[in-house]
Amino acid sequence: MRQILVPAVMLTLIITVLTGLVYPLAVTGLSRVLFPHQANGSLITVNGKIAGSALIGQKFTKPGYFHGRPSAAGDGYDAANSGGTNLGPTNQALINRVADDIKKFRLENPTYTGPIPADLLTTSASGLDPDISPASAFAQVDRVAKARGVPPETIRQTAERHVEGRQFGIFGEPRVNVLALNLDLDKTVPAAR
């Protein structure tokens, strides 16, 4: 019995140390050397201060900023509460929230008359999506331009510069990172005082 038990316990300990300690430390160390920006959370800094992560959305509510997708993660983009609502299309709570978001969007963007892009009304699966579609960005141009006191074309050009294409040309959809766009606006088109 001992001839079987001792090697089994030793093998378990060795595998545990290798897969639970050595491998994770090696992968973490390599990633920090080869991909330091990504390994440290893709943090965006402005004047030496962390403004946020390129991977996690933030709640922008002022009219001079582009707004992201609605978040189902706590009180807006709370990573500790990440997750979708799992509400079905016939759920009255979802219907009411979307109806309220439509009213809010129309009040905030009175000059926009087209159909509201779906990603401005629906939450992502994680509730933390940092990106919106180009259509969602362009739908907000007039509001942002008015709040910043500049022509809409100036804001539209800034938004167009931030449109990222499909990854490797085939994966995903074109998108705009809201934090990066708003930080660029603060740098190039300061808000009217």
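**Entry 1: the sheet.** I began with the pairing rule: two strands pair if DSSP finds at least two bridges between them. I also kept in mind that this is a predicted model. With that rule I found an open sheet of three strands, in the order β3-β5-β4, with antiparallel pairing. Which strands stand at the edges? They are β3 (131–132) and β4 (163–164); each has a single partner strand, so one side of each is left without a neighbour in the sheet.

I then went to the join between β4 and β5 (residues 175–177), where I noted two bridges and an antiparallel run. My reminder on sheets in general: strands pair through backbone hydrogen bonds, either parallel or antiparallel.

Entry 2: Next I looked at the side chains of Glu164 and Arg175, which meet in a salt bridge at 3.6 Å, N to O. This pair links distant parts of the chain, with Glu164 in strand β4 and Arg175 in strand β5, eleven residues apart. Buried or exposed, or in between? I wrote down partly exposed for Glu164, at 35% relative accessibility, and partly exposed for Arg175 too, at 23%.

**Entry 3: other salt bridges.** How many salt bridges are there by this rule? I got a count of eight. I picked out Asp129 and Arg69, whose closest N and O atoms are 3.3 Å apart. Asp129 sits in the loop between α3 (92–108) and β3, Arg69 in the loop between β2 and α3, and 60 residues separate the two. Arg69 counts as buried, because its relative accessibility is 15% and the cut-off for buried is under 20%.

I also picked out Arg97 and Asp101, with their closest N and O atoms at 2.5 Å. Both of these lie in helix α3, four residues apart, which is about one turn of the helix. Arg97 is partly exposed, with a relative accessible area of 25%.

**Entry 4: a buried arginine.** I stopped at Arg148, which lies in helix α5 (residues 141–148). Arg148 counts as buried, at 3% relative accessibility. I checked its spacing to Val189 as well: the C-alpha atoms of Arg148 and Val189 are separated by 7.3 Å, while the two residues are 41 apart along the chain.

**Entry 5: positive phi.** Then I turned to the backbone. Most residues other than glycine have a negative phi, and I wanted to see what departs from that. Ser42 does, with a positive phi of about 50° although it is not a glycine. I placed Ser42 in the loop between α2 (36–39) and β1 (43–46). Asn47 has a positive phi as well, near 55°, and I placed Asn47 in the loop between β1 and β2 (49–53).

Asn47, at 77% relative accessibility, counts as exposed.

**Entry 6: the whole chain.** Last, I stepped back. I counted seven helices and five strands, and read along the sequence they follow the pattern α-α-β-β-α-β-α-α-α-β-β-α. The radius of gyration is 23 Å, well over the 16 Å that the globule rule gives for 193 residues, so the chain is more spread out than a compact globule. Along the principal axes, the C-alpha atoms fill a box of roughly 80 × 45 × 35 Å.

Of the 193 residues, 28% count as buried. Among contacts with a separation of 6 or more, residues 24 or more positions apart account for 56%. The accessible surface comes to about 12400 Å², and 63% of that belongs to carbon and sulfur atoms.

How values were computed:
Residues numbered from 1 in each chain as written. Predicted model: local features only at pLDDT ≥ 70, side-chain atom pairs only at ≥ 80, totals over all residues. Heavy atoms only, no water. Buried < 20%, exposed > 50% of the residue type's maximum accessible area, 1.4 Å probe, protein only. Salt bridge = Lys/Arg side-chain N within 4 Å of Asp/Glu carboxyl O. Rg over C-alpha atoms; globule rule 2.2 N^0.38 Å. Contact = heavy atoms within 4.5 Å. Areas by Shrake-Rupley, 256 points an atom, 1.4 Å probe, with all protein chains shown as cover.
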